[in-house]
Amino acid sequence: MTSHPRDTPQFYLTAPSPCPYLPGQEERKVFTHLVGRRARDLNEILTQGGFRRSQTIAYRPACETCRACVSVRVVVEDFRSTGSQRRVLQRNAGLIGTPEPNRPASEQYALFRRYLDARHGDGGMVDMTVLDYAMMIEDSHVDTHLVVYRERGPDTAIHGRGVGAPVAVCLTDVLADGLSMVYSFYDPQAAERSLGTFMILDHIRRARALGLPYLYLGYWVDGSRKMDYKAKFKPQERLMPQGWVRVE
């Protein structure tokens, strides 16, 4: 019997299941566990190779007949916002994003629950309990944190924090070459504020302030309206068979 050190990643392949993005397609994923003292380094390498993190698992599509899922990352230094994106920033000028430890809170889950019910009522996450949410947030062996967005208050200029219940939340990994937006959610009743776009723009600003070259957005899926928004942040690089390719 062959034995493997605990820090040696072992990769597994899921069984086929219906694709959540493209009707009539099936998806398969290759995944490994991010545990042990090398979890952070492994997450860095795999993210640069097109993997995404969910709790202590790194995964990427391994579909047999489809290559529509493409990893994308924004080129932070060269990014210039469009007119519509600048208007989104103006509409949300009163929102203050504060980095916080990746610890779950009841007010976060209440927002998460409203978001799922309104935006992903037929998705695979709709049955997540408060314990499932807690695991999603805190079960990690890598450098991660929450960015919690609240409205500006009377004392924000003094302490730099917003007040009241969170309006939007993003679970963010910090990598050597960028930030990775693992999962974000927001108030579904504030559709006119385009909070999803705002959080991406804010994370581009955060990456630039940290001197990091990239913001990882996960997968852009050609042909899926749900994922069209990721193509609007340019220049960006897309992971193709020949490597990362810049798209203006």
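Modeller: Ser194 lies in the loop between β11 and α6; here helices (H or I, at least four residues) and strands (E, at least two) are DSSP runs, numbered from the N terminus. This is a predicted model, in which local features need pLDDT of at least 70 and side-chain atom pairs count only at pLDDT 80 or more, while totals for chains, interfaces and linings use all residues. Residues are numbered from 1 along each chain as its sequence is written, and side-chain values use heavy atoms, with hydrogens and water left out.

The phi of Ser194 is near 50°, a positive value in a residue other than glycine. Most residues other than glycine have a negative phi, and most peptide bonds are trans. Ser194 counts as partly exposed because its relative accessibility is 26%; buried means under 20% relative accessible area, exposed over 50%, and partly exposed in between (1.4 Å probe, protein chains only).

Leaving aside neighbours within four places in sequence, Leu215 is in contact with Val72, Arg73, Val74, Val76, Leu179, Met181, Ile200, His203 and Ile204, where contact means heavy atoms within 4.5 Å. Ser81 is 134 residues from Leu215 in sequence and 14 Å from it in space, C-alpha to C-alpha. Ser81 sits in the loop between β7 and α2 (83-91) and, with a relative accessible area of 22%, is partly exposed.

Helix α3 (residues 106-119) has 14 residues and reaches 20 Å from its first C-alpha to its last, close to the 20 Å expected at 1.5 Å a residue; the expected span is 1.5 Å times one less than the number of residues. Its buried residues are Gln108, Tyr109, Leu111, Phe112, Arg113, Tyr115 and Leu116. They pack against α4 (130-138), β9 (144-151), β10 (163-175) and β11 (178-186).

The axes of α3 and α4 come within 10 Å and cross at roughly 105°. Axes are lines fitted to C-alpha atoms, for helices over the stretch in contact, and angles run from 0 to 180 degrees between N-to-C directions. The two helices, α3 and α4, are therefore roughly perpendicular to each other (under 35 degrees counts as roughly parallel, over 145 as roughly antiparallel, 65 to 115 as roughly perpendicular and the rest as oblique). Gln108, Tyr109 and Phe112 of α3 meet Val130, Tyr133 and Met136 of α4. By class, that contact has five nonpolar, one polar and no charged residues; Ala, Val, Leu, Ile, Met, Phe, Trp, Tyr, Cys and Pro count as nonpolar, Asp, Glu, Lys and Arg as charged, and the others, Gly among them, as polar.

Two backbone details remain. Gln55, in the loop between β5 (52-54) and β6 (57-61), has a positive phi near 55°. A cis peptide bond, with omega about 0°, joins Lys234 and Pro235, and Pro235 lies in the loop between β12 and β13 (236-240).
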